[in-house]
Amino acid sequence: MKDRLRQLTGGILLVSLLLLGFSKPFQQYVNIPANITLLEGQEQIIPKGTAVTAMADSPENFTYSEQAKSVSLTAEAPGKDELFLQIAGLPVKKVDVNVLKNFKVFPGGQSIGVRLNTLGVLVVGHHLVSTKSEKASPGEEAGIQVGDIITKINGKEIKKMEQVAPFVEDAGKSGKALDLTVQREKEKFQTKLLPLKDEKEQDYKLGLYIRDSAAGIGTMTFYEPKSKKYGALGHVISDIDTKKPIVVENGQIVKSTVTAIEKGKNGNPGEKLARFSGNRDVIGNITLNSPFGIFGKLKKNINNGALDKEMPIGLSHQVKEGPAKILTVVEGNQVEPYDIEIVSTVPQKFPATKGMVIKVTDKRLLNKTGGIVQGMSGSPIIQDGKLIGAVTHVFVNDPTSGYGVHIEWMLHEAGIDIYERQNLDKVG
C-alpha cells in the first residue's frame with residue numbers, strides 16, 4: 001500500500017513539473033535574459049509573469065517602470081548595474097544591465113570602386129615553359145602553390161609585378177637560382193627557383209601566373225566622423241582565380257557610378273556594372289580585408305544624399321524580425337532607401353558573418369535588379385531609426401533573399417570597440 005502511495009505521489013509530482021514547464025509564466029521566466037546590454041537612451045521591455053515583481057537597489061545606470069506583465073528598462077548612463085526579479089519578496093533571478101555610451105555613425109549606401117594591392121605578388125596559376133629539352137614549371141617544382149604570395153626575392157621586398165622581371169632575367173643568365181620568401185596563409189617559408197628559357201619567346205620564365213592587385217565594386221556601409229574610420233562590403237574580397245581571401249598591403253576606395261544592372265535570376269546572381277572615377281577622386285585607403293568587409297580611413301567625410309545624419313546603432317539582440325530598409329545605388333550616384341523584410345535574426349554573442357536573413361520586398365528594387373545583386377554588398381540595413389547591419393550575400397537560387405551581418409562586428413573590425421569605450425573613459 002505504501003509503495004503504491006509513493007508511486008502515486010511521484011506521478012503527481014512528475015505531471016506537475018511537466019505542466020509547470022509548459023506553462024506560460026514559467027516559459028516567460030526562463031526566457032528572461034540574464035544579461036542585457038543597452039546604449040544610452042535606449043529602452044528594452046522584459047516580459048514577466050504577473051506574480052513576478054522587479055526590484056533594483058538605487059540603480060545609477062538605468063531607470064525602470066513596472067507593468068502587470070512586463071518591466072520597461074531605460075538606459076541612462078554608461079556603467080553596470082543589476083535588476084532583481086522576485087516572487088513574494090524572494091529574489092528568483094538577477095539580470096545584469098550593461099549600459100554603453102551612446103554611439104552614432106553616418107550610414108553609407110554610396111557605390112564605391114575598390115582597388116586592392118596585395119602583400120607581394122599573388123600566384124594565381126602555373127604554366128609550362130617549353131625549352132629545347134623539356135616542358136616544365138619551375139614554380140611548381142619549387143613547391144609554390146596557387147594562392148601563395150611571393151614577398152621577397154633574394155632578400156628584396158617585392159610589391160609590384162614589374163619588380164620581378166629583372167630578377168628573373170639575371171637568374172636565368174647567371175644560372176643561379178632565386179631565393180624566394182613565400183607566404184602561405186599565416187606561414188612563411190623559403191624556397192629556391194631557377195627560371196627556364198622559353199624557346200619560342202626567348203625569355204626566362206618562372207612558370208607562374210602572378211598578379212599584384214585586384215579591383216571591383218561594392219557599397220559603403222558606415223563611417224565614424226571623428227576618426228574617419230569606415231566599413232564597407234560586409235564580406236571578404238577573394239581572388240577570382242584562387243578563391244582565397246586577398247592579403248592586403250594597401251588599397252584605395254574611389255567614387256563609382258552605376259552604369260547598368262544585370263538582373264538576378266534563379267541560379268544566376270545579377271550584378272551592378274559601374275565606372276570608376278579617376279585617381280583624383282580617391283576617398284579613402286584600405287588597411288584590412290576581413291570576413292566582415294574592407295576597412296580603413298576616409299580622406300574626408302562624405303554624404304549619401306538620402307540620409308545625411310548621424311544614426312544610432314542597433315546591437316544584435318535588438319534586431320527583430322519584420323520590416324527594415326536598405327540604402328543603395330542602382331543608377332548613377334543616387335542613394336535611395338528600399339524596403340526589405342528581416343526574415344530571421346540571431347542575437348550573436350561572438351562575431352559571425354551571417355547574422356540575419358533578409359528578403360527584398362520593394363517592388364521598385366525588384367523591378368530594377370531582381371533582388372540582391374553583386375555590388376550591393378555593404379548596403380546598410382536600417383530598422384527603427386538605427387543602423388543594424390549590412391547586406392552581404394545573395395541566395396543563388398533566390399535572388400530576392402540573402403544574408404546580412406550585424407553592424408557591431410563591422411565596427412569591431414574597423415577598430416571601433418563600443419564595448420570598451422566606457423572603460424577607456426573611466427581610466428582617463
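**Note on strand pairing, loops and salt bridges**

1. F84 stands opposite K94 in β7, and this pair belongs to the antiparallel pairing of strand β6 with strand β7 (residues 90–100), which extends over nine bridges. Strands here are DSSP runs of E with at least two residues, and helices are DSSP runs of H or I with at least four, in each case numbered from the N terminus; two strands count as paired if DSSP finds at least two bridges between them.

2. Before reading further, please keep in mind that this is a predicted model, in which local features need pLDDT of at least 70 and side-chain atom pairs count only at pLDDT 80 or more, while totals for chains, interfaces and linings use all residues. Residues are numbered from 1 along each chain as its sequence is written, and side-chain values use heavy atoms, with hydrogens and water left out.

3. Strand β6 (residues 79–87) also pairs with strand β3 (residues 52–55), again in the antiparallel sense and over four bridges, and within this pairing V52 has I87 in β6 as its bridge partner. The hairpin of β6 and β7 has two residues between the strands, and A88 takes a positive phi near 55° there.

4. These strands form part of an open sheet of four strands, whose order is β1-β7-β6-β3 and whose pairing is mixed. Because β1 and β3 stand at the edges and each has a single partner strand, one side of each is left without a neighbour in the sheet. Neighbouring strands of this sheet are turned by 30° against each other on average, direction ignored; the axes behind such angles are lines fitted to C-alpha atoms (for helices over the stretch in contact), and the angles run from 0 to 180 degrees between N-to-C directions.

5. T37 lies in strand β1 (residues 35–39), and its relative accessibility of 17% is why it counts as buried, given that buried means under 20% relative accessible area, exposed over 50% and partly exposed in between, with a 1.4 Å probe and protein chains only. Leaving aside residues up to four places away in sequence, T37 touches N98, L100, L315, H317, Q318 and Y419, where a contact means heavy atoms within 4.5 Å.

6. As an example of the pairing, strand β26 (residues 322–329) is joined by eight bridges to strand β27 (residues 335–345), the two running antiparallel, and I326 has Y338 in β27 as its bridge partner.

7. Most residues other than glycine have a negative phi, but E185, which is not a glycine, has a positive phi of about 55°. E185 is found in the loop between β14 (178–184) and β15 (187–193), and counts as exposed because its relative accessibility is 64%. D384 likewise has a positive phi, near 55°, in a residue other than glycine; D384 sits in the loop between β29 (380–383) and β30 (386–395) and is exposed, with a relative accessible area of 53%.

8. The structure holds 15 salt bridges, each defined as a side-chain nitrogen of Lys or Arg within 4 Å of a carboxyl oxygen of Asp or Glu. Among them, the side chains of E169 and K173 meet at 3.4 Å, N to O; being four residues apart in helix α4 (residues 164–174), E169 and K173 are separated by about one helical turn. E169 is partly exposed at 29% relative accessible area, whereas K173 counts as exposed at 61% relative accessibility.

9. Which side chain meets that of D179 in a salt bridge? The partner is K192, at 2.3 Å, N to O, and the pair links distant parts of the chain, with D179 in strand β14 and K192 in strand β15, 13 residues apart. D179 is partly exposed, with a relative accessible area of 33%, while K192 counts as exposed at 53% relative accessibility.

10. A further salt bridge joins the side chains of D239 and R211 at 2.4 Å, N to O, and this pair too links distant parts of the chain, with D239 in the loop between β19 (229–232) and β20 (248–262) and R211 in strand β18 (residues 208–223), 28 residues apart. D239 is buried, with a relative accessible area of 4%, and R211 is partly exposed, with 22%.
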